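Subject: Structure handover

Hello,

Here is the structure you are taking over. My notes on what was found follow below it.

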Amino acid sequence: MQQSIRLRTRKKFEVVDLTREVAAVVAEARVDEGICTVFVRHATAAVIINENADPGFRTDVVAALDKLFPEGVWEHDKVDDNGAAHLKAAFLGPSETVPVRQGQLLLGTWQGIALVECDGPREREVIVDVR
Ligand code: ZN
């Protein structure tokens, strides 16, 4: 089973939790044992699994990536001025996979699934594939 989650990000660079939305798709799929792939269909956004209880962590992701990939010094900036956004997204990757058991994501207690917007605000589409 496959569904799209469509969302509008609000900032240039932010972390948006998607755990509840993904869990709803997984519950609907009624898979006994399987996997759930979460994939973002864009070159300047990424999907991560990490700490989702502390909003400070989301701020840290933004700050750390800004230190790793400063703005305005990349070849791609000559094309459309968002080289740092592409590098951040490529570094994190466009997808994550989570095991599923009895219709539930087997995430750890402190793990959540999040979209990382690297060049917003934009409309984004995330594919959730459960099988
Ligand atoms: Zn670009």
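The side chains of Glu117 and Arg124 are joined by a polar contact of 2.7 Å (a pair of N or O atoms within 3.5 Å; within protein, one must be able to donate a hydrogen and the other to accept it, and residues adjacent in sequence count only if both atoms are side-chain atoms). This is a predicted model, in which local features need pLDDT of at least 70 and side-chain atom pairs count only at pLDDT 80 or more, while totals for chains, interfaces and linings use all residues. Residues are numbered from 1 along each chain as its sequence is written, and side-chain values use heavy atoms, with hydrogens and water left out.

Glu117 lies in strand 7 (residues 111-117); strands (E, at least two residues) are DSSP runs, as are helices (H or I, at least four), both numbered from the N terminus. The side chain of Glu117 also reaches the backbone nitrogen of Gly120, at 3.0 Å. Glu117 is buried, with a relative accessible area of 0% (buried means under 20%, exposed over 50%, partly exposed in between, with a 1.4 Å probe and protein chains only).

One aromatic pair was found in a search of the whole structure (rings of Phe, Tyr and Trp, its six-membered ring, with centres within 6.5 Å; planes under 30 degrees apart count as stacked, over 60 as edge-to-face, the rest as tilted). The ring centres of Phe69 and Phe91 are 5.5 Å apart and the planes are at 65°, so the pair is edge-to-face. Phe69 is buried at 11% relative accessible area, whereas Phe91 is exposed at 52%.

Regards
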